[in-house]
Structure formats: structure tokens, C-alpha cells
Amino acid sequence: MSNTKDFIVRGITRDGYIKAVAVQSTELVEHARQIHQTLPLGTAALGRALSAASMMGDEIKDPNGSITLQFRGDGPLGSIVTVSDSEGNVRGYVQNPACDIPRKAPGKLDVGAGVGAGVLTVIKDVGEKEPFAGKVELLSGEIAEDIAYYYYASEQLPTICALGVLVDVDQSVKQAGGYMIQLLPGAPEEIIFILEERVKEEAAAGRSVTSMMEQGMDAKAILEYMLDRMGYEELYQHEVHYECKCSRDKVEAAVLSVGREELKRLYEEEDTVKVTCQFCDKEYVFTKEEIGEMLLRV
Ligand SMILES: [Zn+2]
């Protein structure tokens, strides 16, 4: 029976040469759409970036670790930022959620043109003092190819990445998910060959993540299907959600960080200061009194 809740599933081949992960993210991408009021192009781009972050974050072992993906392209969508905790729970935003451009073909959103040319920065906080940051040029702006290129260029890990978001006629998210298959060091050439053939077959048959999901396959079934000839074994699976970590304390720290001059100006010119969380749209209100009290602390 296929699982309808969002979840992540991870596995490895018996020979230890291939690791794989898949995420089913329909609910969390729909949640993001409702928060940010994205139009289909923004829904697809943000949804792909959220799905990728979830799979990448889930791999971090430190429970306080996180991963941040920043797509800074020159396209009309503007920047896309997604963050995942070490359990694959994600949050994110796209700079211009209401951006819309002509489709590539009927039903084909042109995410690459929406994102444009630019840079992908991956910031991994694995619990050590300084987070690790890797930077690569955006290969196509289609997100999945950019993630695969990041792994290849920055971590020397040959990676197959597929991501998909299917937007329904009412603009809600019908299906969203993705998978990543990675070759570990020492993998023999014939494995690479078998895997490449497998991916070519899928492409030739016009099968995508969302078309498989439309046929009733969940993330677990997709991984099993992709790796059925390779001796695939599942390691674990668990639910994932859209989850913002903002709090009044964190927002207060951000307000304090603007510096004494700006804080003083706010105190003198504003009755209240409202700060909206970029990730969840929650509004935090600080009264004149509270700003005055904060002024005493900087
Ligand atoms: Zn928030």
C-alpha cells in the first residue's frame, strides 16, 4: 500500500556502492504554497528546492545540524532559499512568489528560465564551529541538475537527482517529491553503466517522479523501482514536515543586530515595530516600550 503522508526513505545497495534517498513532499510543498501564495512557477521552483533540502538535511548526523540551499539566479523568480534540519523537516521562500512566465510547452513550467543564471550556495552546519559552504554556478536553474552538479563539483560524488512538482488545475500541489542516487568511492564501472542505462530508459519512457507518483507509487516504491537490479536494501523511513523554527527570542536578536543607531531611530519614529518571518509569515510585534528597553541593552 502506498504511503500518502510526506516521508523520507533511505537505502543502500548490498555491495555498499550506491546510496539512495527519496522524499515524498506533496503536503509540505502545498503548505509552502499556502504560506507564500506562490503561483505555479514559484510553487514548482520552491517545491523542488524544498524537496532537495529535505533529502540533503536528513543525512546530517548532528541533531542540531542543518543545511541551507541558496539559489541566487538572475531570473524573474529572484532568490530561493530553503533550509532543512537534520530530520529532513524544511522551510523556505522564493523572493518573487507571484512571478509568472510563459510555459515551455503545455503543462511544462519553465523553472530554469524563472531561476536564471547565477550561483547555488550550500551551507552545511554539521555541529562543528564553522559551517561548511560550497558554491557552484547554476547549471540550468532547473534545481535537480544544479544539485547533481553541486555534488559532483563540490563533493566529488557522482549523483543522479530527480525532483518534481505537479501543480493541479486549481493551483494546489497534486504531487511533489524526488530522489537522489549517489555512487560511493570505489564503485566499479559496470555499476555506473547499469545505472546510466536505467536512467536513460526512464527518460526514454518519459517517466518522471511525479508521473510515477500519479501512477500510485510512493517514495519507497520509486526507490525500489529505480534500484531493483542493484540489490537495494532499505535502511529507514520517517515522516517529514514543513516546519519553521522562528521564535520571539530569535526575532528579537535579529532586531537587536540592526545596531544602536537604527534601533534609536525606530524608537523615535515608530509606535510599534512589526517583523514578519520570511519562512512562515508569522508576525512579531514589538511595542515602543519594548524597543526602548532593547535600546538599553545595546
Ligand atoms: Zn517562522
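Predicted model: local features only at pLDDT ≥ 70, side-chain atom pairs only at ≥ 80, totals over all residues.
How many residues of domain 1 are in contact with residues of domain 2? Good morning, colleagues.

The domain assignment of the chain places domain 1 at 7-239 and domain 2 at 248-295. Their centres, taken over C-alpha atoms, are separated by 35 Å. The answer to my opening question is four: four residues of domain 1 are in contact with four residues of domain 2. On the domain 1 side, strand 5, residues 90-94, gives the most, with three residues.

In soluble globular proteins, nonpolar side chains tend to be buried together. Here, the largest nonpolar core holds 69 residues, and those that touch the most other members include Ala-45, Ala-49, Tyr-179 and Leu-223. Helix 2, residues 40-57, gives the most to this core, with ten residues. As for Tyr-179, its contacts beyond four places in sequence include Ala-20, Val-21, Ala-162, Val-209 and Leu-223.

Not counting residues up to four places away in sequence, Gly-42 touches Leu-77, Val-94, Pro-97 and Cys-99. Glu-269, by contrast, stands 227 residues from Gly-42 along the chain, and 36 Å separate their C-alpha atoms.

Thank you for your attention.

Note on methods
Residues numbered from 1 in each chain as written. Domains from an automatic or database assignment. Contact = placed C-beta atoms within 7 Å. Helix = DSSP H or I, 4+ residues; strand = E, 2+ residues; numbered from the N terminus. Core = buried A, V, L, I, M, F, W, Y, C linked by C-beta atoms within 7 Å. Buried ≥ 20, exposed ≤ 12 C-beta atoms within 10 Å, placed from the backbone.
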